[in-house]
Amino acid sequence: MMMTIFPRILPFLIAVLINIGLIVPSYAQTERITITEGTVEPTPIAIADFTDQTGRPGAFGRMIAEIISNDLDGSGMFRPEASASLIPPPRTPSIKPDFSEWTPLGVKALLVGSAQESGNGMIEVVFILWDVVTEREIIAGEGEVSEAGLRRISHQIADLVFESWTGDTGYFDTRIVYVDESGPPERRIKRLAIMDQDGHNHTYLTDGSSLVLTPRFSPQVQEIAYLDYFNDNPNVYLMNVSTGNSELLGTFPGMTFAPRFSFDGKKLIMSLAKDGLTDIYEMDLSTQQVNQLTKSSSIDTSPSYSPDGRKIAFNSDRGGSQQIYVMNANGKNVKRISYGKGRYATPVWSPRGDIIAFTKMYKGEFFIGVMNTDGSGERLLARGFLVEAPTWAPNGRVLMYFKQSPTNDDGSGGESHLYRIDITGFNERRMVTPSFASDPAWSPSLP
Amino acid sequence: MTKRFLVLIAAIGLLAACETAPKDAGDAAGASGASSTSSTSDTSASASSSESASSAAATPAEELASIGDRVFFEYDSSALSAEAKATLSAQAAFLAGNPSVTITVEGHCDERGTREYNLALGERRATAARDYLVAQGVNAARIKTISYGKERPSFIGSNPYAYSKNRRAVSVIR
């Protein structure tokens, strides 16, 4: 299945970079909790239905436009104009659009394209992104896919539109692994499941016969590290996503958990709990050699590497309550960075390296927030009865996490769902999943 | 199916390793008992009900339930209260009187914490209960510990009473 798009960037490409600086006022830690609201104005864009061989919008073309539209809308950086479908697009993308038809919509960008059957069950997809104001082509591309590949090529086009317009890396051609939840709270059945970042192509990776938690993607995508209670021995396992095969990671004298890969995929960091002590260990994945990085009587867990591999953020109660600390990758030079009110947990380093996402607990509520790597500039993005487990889109612009509602005495409630929010526009959206969902992990960009 | 097969091989490797590892005795017994007890990892109430029909005399599981199979903890604490110590002392006496019984101490937390931290906290609680039993003369080889963090509440509800019942270490006969 051929699913690659070769962008044909024309010589007069203009890099239209809108200013996406955070215009969010930073605020001092006060008694009143402020949830940061969106401040960035999204770019209005018209996404025309892609035309078929008759020159009119076809079923495939409408699906492609809808997928791209949904991706861009969810990014918070674009506002697709719904009435764009009322305007007949050019018969083929090779015909320059009549911009006087599109400017009344108030759009700044126009995406046109075609999806034509090219024989042998293949579909040829062509697209061009136009700047409506200057009437210039921004980016164009083409690819050939089977029908099964249409969703993916649509995400790839959305990535190219996002990248050429914002100058930032796209994240639409990515997947989410998470924990599917079913059954009553005291006997919750948990299964690993995987889906595209927009919730489609959903499949289960485990059968629910043992409790599984906290899946994390390898930067190489094909592997997931997760906690499995197989045979009542909770340990970190590695699963190959394409084959579904799992293997126990190393042999340890106690429970291993809280796994996370280094950004180069060569190392895995995790906690080992034994005899009441929880410390952080790193494993070289090629040699399986293990190094103990922390050694204290406290709980040291939820470790996360910086993208350059030099630092590790983690969670510790060594100062009396749960806080976030940063240390060198060799375990030296430990410094506490969270000094706000409440308890801080689950630090996750942004792929951009500049900020750390976290979970905060304060006055009976949970929050998802971000802070600079020295702990300054804290901004809270989401709140709820129980909100936990932030994970970054590979471009570091969108976070996913889960929210759980309180459980009623009769066992109802306790509903958990995945949400995502873009840290620029603060556009929170619930993900659609077949059942309750928790512990999301965002894949890197697919190869 | 392939997955299960490979995991099984991996788990056998783990158990083999545990047999040579010090201070983690009891895993060998756990290996044979794991398959039969894997579904009763919740509360001892379900474990005892499944064995209660066989005889008129109290089974070890019933006896353990009657003297108190669980101790409770304060929020974010693994410290044993005087009441918890009394319960564990009774458990130690029960274990002295039933020398063939081996147990798993399960550590649990309420839901008001993050998942990974609670896994560590549950392990601390299970260890605190185990260490007290060992100090009372129970052979450490008869006690296995496991943490379920906040994954297996025994009392349903998002309220302080439910939380106080879920912050627990439960001794379960293997």
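This is a predicted model: local features need pLDDT of at least 70, side-chain atom pairs count only at pLDDT 80 or more; totals for chains, interfaces and linings use all residues.
## Chain A overall

Chain A holds three helices and 29 strands. Its radius of gyration is 23 Å, close to the 22 Å that the globule rule gives for 447 residues, so chain A is as compact as a globular protein of that length. The C-alpha trace of chain A spans about 70 × 50 × 50 Å along its principal axes.

Among contacts in chain A with a separation of 6 or more, 48% join residues 24 or more positions apart.

## Where chain A meets chain B

On the chain A side, 43 residues are in contact with chain B, and 36 residues of chain B are in contact with them. Several strands of chain A give two or more residues each to this side. They are β9 (212-217), β12 (246-248), β13 (255-261), β14 (267-274), β17 (300-305), β21 (343-349) and β25 (386-392).

## Helix pair in chain A

Two packed helices are described by the angle between their axes and the distance between the axes. In chain A, helix α1 (residues 59-75) packs on helix α3 (residues 150-166) at an angle of about 45°, with the axes 9 Å apart. That angle makes α1(A) oblique to α3(A). The crossing is right-handed.

From α1(A), the contact residues are Phe60(A), Met63(A), Ile64(A), Ile67(A), Ile68(A), Asp71(A), Leu72(A) and Ser75(A). They meet Leu150(A), Arg151(A), Ser154(A), His155(A), Ile157(A), Ala158(A), Val161(A) and Phe162(A) in α3(A). By class, the contact has 11 nonpolar, three polar and two charged residues.

## Helix pair in chain B

In chain B, helix α5 (residues 82-97) and helix α6 (residues 115-135) pack at an angle of about 55°, and their axes lie 9 Å apart. α5(B) is therefore oblique to α6(B). α5(B) passes α6(B) in a right-handed crossing.

Which residues of α5(B) meet α6(B)? They are Lys85(B), Leu88(B), Gln91(B) and Ala92(B). Their partners in α6(B) are Ala129(B), Tyr132(B) and Leu133(B). The residues of this contact divide into five nonpolar, one polar and one charged.

Technical notes
Residues are numbered from 1 along each chain as its sequence is written. Chains are lettered from A and ligands numbered from 1 in the order in which they are written. Axes are lines fitted to C-alpha atoms, for helices over the stretch in contact, and angles run from 0 to 180 degrees between N-to-C directions. Helices (H or I, at least four residues) and strands (E, at least two) are DSSP runs, numbered from the N terminus. Angles under 35 degrees count as roughly parallel, over 145 as roughly antiparallel, 65 to 115 as roughly perpendicular and the rest as oblique. A crossing is left-handed if the near helix is turned anticlockwise from the far one by less than a right angle, and right-handed if clockwise. Two residues are in contact if their C-beta atoms, placed from the backbone, lie within 7 Å. Ala, Val, Leu, Ile, Met, Phe, Trp, Tyr, Cys and Pro count as nonpolar, Asp, Glu, Lys and Arg as charged, and the others, Gly among them, as polar. The radius of gyration is taken over C-alpha atoms; the globule rule is 2.2 Å times the number of residues to the power 0.38.
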